[in-house]
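Okay, thanks for making time, everyone.

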Amino acid sequence: MKWLRIRNEISEKDMDVLEEKLDIHLPKDYKMAMPRLHCGAPEKQAVFVEGLGECSYSRNLPLTEKRKGNVFVLYEIMRQRGRHLFPFASVGNGDYFCFDLDHENQVVYWFHENDTVYPVCRTFRELTEMLH
């Protein structure tokens with residue numbers, strides 16, 4: 001799949017630091033993909049989510065604290081709401097694709113308006129294969 005606007009500014013070490021600071025473990029397929037897809041936008045930007053229909057996949061979120069709109073800030077917001085989710089992709093409207101850290105890092109869609117979580121698939125790779 002083709003990805004657009006990729007900003008390769010993250011290393012495996014940066015990913016390790018992120019996990020250590022947040023005290024989480026991210027899926028291996030995601031960690032392996034991010035050095036080449038950091039902040040990237042997929043060319044195919046829609047995913048069907050059961051219960052919601054077609055949802056956009058705008059871009060991968062920044063994984064370093066120096067970038068605006070980074071996952072550190074969003075992760076903390078979700079923790080304050082009682083959610084143990086790791087947001088990794090923006091939808092562009094305040095919703096996010098996330099890893100559900102309490103359920104084997106399955107991919108979920110977090111709908112911000114009513115704080116609802118919709119299951120999407122088991123892995124990051126499956127999600128990217130669902131893009132159309």
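**Salt bridges, pocket and sheet**

So, let's start with two side chains: glutamate 129 is exposed, and arginine 125 is exposed too. Before I go on, a reminder that this is a predicted model. Those two side chains meet in a salt bridge, 3.1 Å from N to O. They sit 4 residues apart in helix H4, so about one helical turn separates them.

How many salt bridges does the structure hold? The count is 7. Another one brings together the side chains of arginine 122 and glutamate 126, at 2.7 Å, N to O. Here arginine 122 counts as exposed, at 63% relative accessibility, while glutamate 126 is partly exposed at 22%.

Then there's aspartate 16 with lysine 31, where the closest N and O atoms are 3.6 Å apart. That pair links distant parts of the chain: aspartate 16 is in helix H1, lysine 31 is in helix H2, and they're 15 residues apart. Aspartate 16 is partly exposed at 42% relative accessibility, and lysine 31 is partly exposed as well, with 22%.

Which elements give two or more residues to its lining? Those are helix H2, residues 28-37, and helix H4, residues 124-130. H2 gives the most, with 5 residues. By class, you get 6 nonpolar, 1 polar and 4 charged residues.

Last stop, the sheet. It's an open sheet of 5 strands in the order S5-S6-S7-S8-S9, with antiparallel pairing. S5 and S9 are the edge strands, each pairing on one side only.

Look at S6, residues 85-90. Is that strand buried or exposed? It's mostly covered, with 6 of its 6 residues buried. S6 pairs with S5 over 2 bridges, and with S7 over 5 bridges. Follow alanine 89 across: its bridge partner is asparagine 60 on one side and phenylalanine 97, in S7, on the other. The S6-S7 hairpin has 5 residues between the strands, and glycine 92 there takes a positive phi near 105°.

Note on methods:
Residues numbered from 1 in each chain as written. Predicted model: local features only at pLDDT ≥ 70, side-chain atom pairs only at ≥ 80, totals over all residues. Heavy atoms only, no water. Buried < 20%, exposed > 50% of the residue type's maximum accessible area, 1.4 Å probe, protein only. Pairing = 2+ DSSP bridges. Nonpolar A, V, L, I, M, F, W, Y, C, P; charged D, E, K, R; others polar. Salt bridge = Lys/Arg side-chain N within 4 Å of Asp/Glu carboxyl O.
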